[in-house]
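The questions and answers below treat each in turn.

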Amino acid sequence: MDTIRQLYLRSWRGFVLAFSLTLIAYLLYFQRLGSLLPGYSTSELQALTGASNWHTIAANPVNAPYKSFDWLSTAMLHHGILANRIITAVIGLLGALLFFVVVRAWCSYRVAFFATVMFATSAGLLHFARLGTGEVLQMCILALLAVVLWYRKQRNHRMIIGYLLIAMFVVIWYIPGMFWFELFGLWPLKGTIRGQARRTNNFHLAGMLVLFLLLLAPLIIASSSNPHILLQLAGLPPHLSTLKHFGSNLLSLALAITVHSNGSSLYWVGHAPLLNAIEVVAGLLGAYYVFRQSSVRRTFLFGSMAIGLVLASLGGEVTFACLVPILYLFIAIGIDHLLSRWFTVFPRNPIARLSGVGVVCVMVTFSVFYQVRTYYVAWPHAPATRAAFDHPAP
């Protein structure tokens, strides 16, 4: 009994924290997943049809990672669209965890916690994480960042890590537009990759090549009979005539993030922007701070933002989902810079330091309240939203 009591005294905080996080995750991503809205959208029905069987997935492997899990879960749960939403909710939850990992590598634990709470409760993430389509996969830039940061710190088991990286990087090619983010993210590591390849024996190099070709084979086979798939995966529009709207689309997207959205009922409440005023200010502060730095982080963040804006404005398969994690990374850096400057001015005064943290807590609380209320209260009761989600489950 004494051993059990000691174990309880040492671990109760961890258990309480784990239980609290699990409860919050359930409330955010899984509660009323099938009943918050009156029905399902056209895009969700199309996603269900595209993953109805493995023949359909093989014929069009765009978003194949999502479609494969969708097909398997539908077979087990026997409720197609609800299974779609469960899968995207799990992916969204994993995205929030990866976001914490990335921010923690750059900022303090306090800032990583604040920023992750803002990202996890943002309407930008909730819309994609609770919608039964594969668009949530376009946030995989977080996975790419987390793996690169992890690889640079890892010194052991490099062979196993190499196989895992090959698998992940090929799988990302099946997600529209993500090839460009991967290429841009790996470019600074080209020297490290070449050096690691020279130190790897021929047996493992052959094994990695075989793994690469096996994972890429479905895409090669499908695109040989339907070259349009390559346009989709590259994030390019199906018709060049849509390029004439690129400028207006880019302006509309920039305004939708900060000032005035286009009013699409799938993702917006009326014409409310993606970010609230607190997030816009913190994001601009973070962008200013990153811009002043001369580092790989500056190149990656601004380069990824430019790639995302271009792809989302071309009118192809890429949406603003790829921009959401990048925007909140800037917000996280802005909060970190704000607190760092405050602690520099007041390095020893405990009251002033506590006041600075308190102000940030209030800012985060108002931001979270606004975003959660927007998604769970305003958006599902808007007439345009109810009209867009009026299809019954098949």
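Q: Is the crossing of α16 and α17 left-handed or right-handed?
A: In this predicted model, local features need pLDDT of at least 70 and side-chain atom pairs count only at pLDDT 80 or more, while totals for chains, interfaces and linings use all residues. Residues are numbered from 1 along each chain as its sequence is written, and side-chain values use heavy atoms, without hydrogens and water. A crossing is left-handed if the near helix is turned anticlockwise from the far one by less than a right angle, and right-handed if clockwise. By that criterion, the crossing of α16 and α17 is left-handed.

Q: How are α16 and α17 oriented to each other, given axes that cross at roughly 140°?
A: Helices are DSSP runs (H or I, at least four residues) numbered from the N terminus, and axes are lines fitted to C-alpha atoms over the stretch in contact, with angles from 0 to 180 degrees between N-to-C directions. The axes of α16 and α17 (residues 324-345) come within 10 Å and cross at roughly 140°. Angles under 35 degrees count as roughly parallel, over 145 as roughly antiparallel, 65 to 115 as roughly perpendicular and the rest as oblique. The angle therefore makes α16 and α17 oblique.

Q: What is the division by class of the contact of α16 with α17?
A: Contact means heavy atoms within 4.5 Å. On α16 it involves Arg 297, Leu 301, Phe 302, Ser 304 and Met 305, and on α17 Ile 326, Leu 327, Leu 329, Phe 330 and Ile 333. Ala, Val, Leu, Ile, Met, Phe, Trp, Tyr, Cys and Pro count as nonpolar, Asp, Glu, Lys and Arg as charged, and the others, Gly among them, as polar. The division is 8 nonpolar, 1 polar and 1 charged.

Q: Which residues of α16 meet α15?
A: The axes of α15 (residues 277-292) and α16 come within 8 Å and cross at roughly 130°, so the two helices are oblique to each other. Their crossing is left-handed. From α15, Ala 287, Tyr 289, Val 290 and Phe 291 take part, and their partners in α16 are Arg 297, Arg 298, Leu 301 and Phe 302.

Q: What is the handedness of the crossing in which α14 passes α16?
A: Helix α14 (residues 246-258) and helix α16 (residues 296-313) have axes that come within 8 Å and cross at roughly 120°. The pair is therefore oblique. The crossing of α14 past α16 is right-handed.

Q: Which elements give two or more residues to the lining of the largest pocket?
A: On a 1 Å grid over the protein atoms alone, a pocket is an open set with protein on both sides within 12 Å along at least five of seven lines, a cavity is a set of points where a 1.4 Å probe fits but cannot get out, and lining residues have an atom within 4 Å of a point. The largest pocket has a volume of about 770 Å³, the space filled by probe spheres set on points joined across faces, edges and corners. Elements that give two or more residues to its lining are α2 (42-50), α4 (64-77), α14 and α16.

Q: What is the volume of the largest cavity?
A: The structure holds 3 cavities of 30 Å³ or more. The lining of the largest cavity has 9 nonpolar, 4 polar and no charged residues, and α7 (123-129) and α18 (350-381) each supply at least two residues. The volume of the largest cavity is about 100 Å³.
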